Amino acid sequence: LDNISKGVSDLLVVHPDGKKIFIGKRNVHPQPDWWLVGGRMFTGETAVDSCRRLLQRELTLDIHPNRFTTVCCQTMAWHMRQQEPKHHGTVDLQVVLSFQVKEDELSKVVFDRNEYDEVKWVDAHEILNGDYHPALKHPIRCLLTKWKLKKLEGIIDSDNNDDVAKAAKGFVQSMRECNSFLVQEQKDGQSNYKVKNEKMNYEANVFVKAPGIEDE
């Protein structure tokens with residue numbers, strides 16, 4: 001781990017209402033705070049393969065591959081890791097996917113208490129406006145933007161130009177908000193958010209860098 005960057009697949013699990021995201025408060029490094037469901041990819045796995053395996057392990061759900069959607073990718077350098085020597089940290093190359101839970105699957109969701117102290121469904125906009133890791137907020141913004149694009153694609157051939165123009169405007173605004181978030185987070189180099197876990201007596205600052213995203 002000292003000499004490699006490992007691939008991880010994390011998942012935005014969406015509530016049947018299409019508004020809430022499932023997150024867990026981790027009790028292990030890295031990121032011992034609120035985070036996505038997911039983990040390390042194994043050799044030979046696709047991101048979908050990995051997410052299916054991790055969902056079975058962490059939430060006891062068996063999900064068909066065609067229900068997953070790719071959201072975004074990002075790189076994260078962590079101050080600490082779970083493996084010894086922990087203080088050497090680790091680097092993750094993350095692929096984020098999403099899928100929406102069905103009503104009859106909600107009761108089947110059982111989380112892994114070896115990695116999470118608690119879990120909750122949180123409104124996506126509450127996460128975006130709350131004290132959460134910027135690397136959690138960014139995929140959610142990307143997901144909301146993909147939904148705007150999907151809406152536009154669904155009506156692009158419509159004869160109602162007003163509806164098409166409204167959907168196109170919503171998509172562009174969502175893209176701009178996604179970029180402006182990254183610009184704001186990296187302006188001073190350090191995010192306002194800090195990783196905090198009182199049980200582990202751990203606290204760490206978070207720094208954001210978004211190559212190619214500049215303040216216009």
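Predicted model: local features only at pLDDT ≥ 70, side-chain atom pairs only at ≥ 80, totals over all residues.
Let's start in the loop between β2 and β3, where Gln 31 has its place. Gln 31 is not a glycine, yet its phi is positive, at about 55 degrees. Its relative accessible area is 2%, so Gln 31 counts as buried. Pro 30 lies in this loop as well, between β2 (20–26) and β3 (34–35), and a cis peptide bond joins Pro 30 to His 29, with omega at about -5 degrees.

Thr 60 sits in the loop between α1 (47–58) and β5, and with a relative accessible area of 44% it is partly exposed. The other site is the cis peptide bond from Glu 84 to Pro 85, where omega is near -10 degrees. Pro 85 is found in the loop between β5 (69–78) and β6 (90–100).

Here are these backbone features side by side:

| Site | Feature | Value |
|---|---|---|
| His 29 – Pro 30 | cis peptide bond | omega about -5 degrees |
| Glu 84 – Pro 85 | cis peptide bond | omega near -10 degrees |
| Gln 31 | positive phi | about 55 degrees |

Now to the cysteines. How many disulfides does the structure hold? There are zero. For Cys 72, the nearest cysteine sulfur is that of Cys 142, 4.2 Å away, and Cys 72 is in no disulfide. A disulfide needs two cysteine sulfur atoms within 2.5 Å. The sulfur of Cys 73 has its closest cysteine sulfur in Cys 72, at 6.6 Å, which is too far for a bond. Buried or exposed, what are Cys 72 and Cys 73? Cys 72 is buried, with a relative accessible area of 10%, whereas Cys 73 is exposed at 56%.

Stepping back to the whole chain, we find four helices and nine strands, arranged along the sequence as β-β-β-β-α-β-β-β-α-α-α-β-β. The radius of gyration is 18 Å, close to the 17 Å given by the globule rule for 216 residues, so the chain is as compact as a globular protein of that length. Its C-alpha trace spans about 60 × 45 × 35 Å along the principal axes.

Buried residues make up 47% of the 216 residues. Among contacts with a separation of 6 or more, 67% come from residues 24 or more positions apart. The chain exposes about 12200 Å², with carbon and sulfur atoms supplying 47% of that area. Finally, 30 positive and 33 negative side chains are present, and the centres of the two sets lie 1 Å apart.

Definitions and conventions. Residues numbered from 1 in each chain as written. Heavy atoms only, no water. Buried < 20%, exposed > 50% of the residue type's maximum accessible area, 1.4 Å probe, protein only. Helix = DSSP H or I, 4+ residues; strand = E, 2+ residues; numbered from the N terminus. Rg over C-alpha atoms; globule rule 2.2 N^0.38 Å. Contact = heavy atoms within 4.5 Å. Areas by Shrake-Rupley, 256 points an atom, 1.4 Å probe, with all protein chains shown as cover. Lys, Arg positive; Asp, Glu negative; His and termini not counted. Charge placed at Lys NZ, Arg CZ, Asp CG, Glu CD.
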